[in-house]
Amino acid sequence: MNIFKQFYKSLYSPKDISRFRFQGIGKTILYLFILAFISSIPAMVQIISVGNTVFNEGDEILREQMPAFEVTDGTLQTETDEEVTIRNSGFTIIVDGTGEMSAEDLQGTLNTAALLRDGVAVSAGAGVQEYPYSTFTGFTFSNEGLSSLLSSIEGAKVIIYAFIFLFIYIIGAGLLFIKTLFFAWIGTIMAKSAERRLVHRQSFRIAAYSSTLPVTFFLITDIAGSVIPFATLINWFVTTMVLYLAIKEIPKPKRKTKETA
């Protein structure tokens, strides 16, 4: 069975997932890399959308819409002591002049960047990432400095996108492999409790395919722009249920009966 047919079967058939435990480990690893690519598609799409908007409209936003700001000694200084929100086509920028906002305040938002007191927080569909101002070197972090930087790197935006995609993909693949190893261990415990014979390497294969349904679900919701609360808990719960159902499809070992004299 080819990988794409396996993907389709893994969306609804725990019985087929249980059968995949006998396939080669190389095919399972390739499948995980494909799942990692699928799960990173929404972040890639959002980065392209936000990036193109930033390059096309960034100079106007920096010079005409955003309040004057500059980072001095790693701390944001603005001409206003209020929180300023700028909503544009496809993304939102927040300049926190109060100094009270934190990265956690961006939870549940999409395509949002906030200039905080000590760093930049970005929400782009893969959680909220925070970067201290000390990581931005080589230019003045201000309206004029950022405007000049955008002009200088616009010609290399394809390379920048590719680098960001590769970074997201590597991180996503690593997390997916760690998750699969964890659920492989959980699978062996489930199998023992359900009186099924399942070694760890077979459990790893089943765990890999058990992630198909949650990965596909969150792909669809992310592309639709929906924010699902407790996404990680839902992801792991669905994976656990599919894993359990697949293990239940494994036949129980036949019990040996003692011959009577």
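Tutor: In this predicted model, Ile-247 touches Gly-187, Met-190, Ala-191, Arg-196 and Leu-198, when residues up to four places away in sequence are left aside. Both Ile-247 and Leu-198 belong to the largest nonpolar core, a set of 28 residues, and they are listed there with Ile-17, Ile-206, Tyr-209 and Leu-243 as the residues with the most contacts inside it. Two or more residues of this core are supplied by each of α3 (25-65), α5, α6, α7 (212-223) and α8, and the largest share, 7 residues, comes from α5. Apart from this core lies another, of 21 residues, which includes Phe-91, Val-120, Tyr-133 and Tyr-161.

Turning to charged pairs, the count comes to 2 salt bridges. In one of them, the side chains of Lys-252 and Glu-195 meet at 3.7 Å, N to O; this pair links distant parts of the chain, since Lys-252 sits in the segment after α8 (231-248) and Glu-195 in the loop between α5 (157-193) and α6 (200-210), 57 residues apart. Glu-195 has a relative accessible area of 42% and is therefore partly exposed. In the other, the side chains of Arg-19 and Asp-16 meet at 3.6 Å, N to O, and because these residues are 3 apart in helix α2 (residues 14-19), about one helical turn separates them. Asp-16 has a relative accessibility of 10%, so this residue counts as buried.

Note on methods:
Residues are numbered from 1 along each chain as its sequence is written. This is a predicted model: local features need pLDDT of at least 70, side-chain atom pairs count only at pLDDT 80 or more; totals for chains, interfaces and linings use all residues. Side-chain values use heavy atoms; hydrogens and water are left out. A salt bridge is a side-chain nitrogen of Lys or Arg within 4 Å of a carboxyl oxygen of Asp or Glu. Helices (H or I, at least four residues) and strands (E, at least two) are DSSP runs, numbered from the N terminus. Buried means under 20% relative accessible area, exposed over 50%, partly exposed in between (1.4 Å probe, protein chains only). A nonpolar core is a set of buried Ala, Val, Leu, Ile, Met, Phe, Trp, Tyr and Cys residues joined through side-chain atoms within 4.5 Å. Contact means heavy atoms within 4.5 Å.
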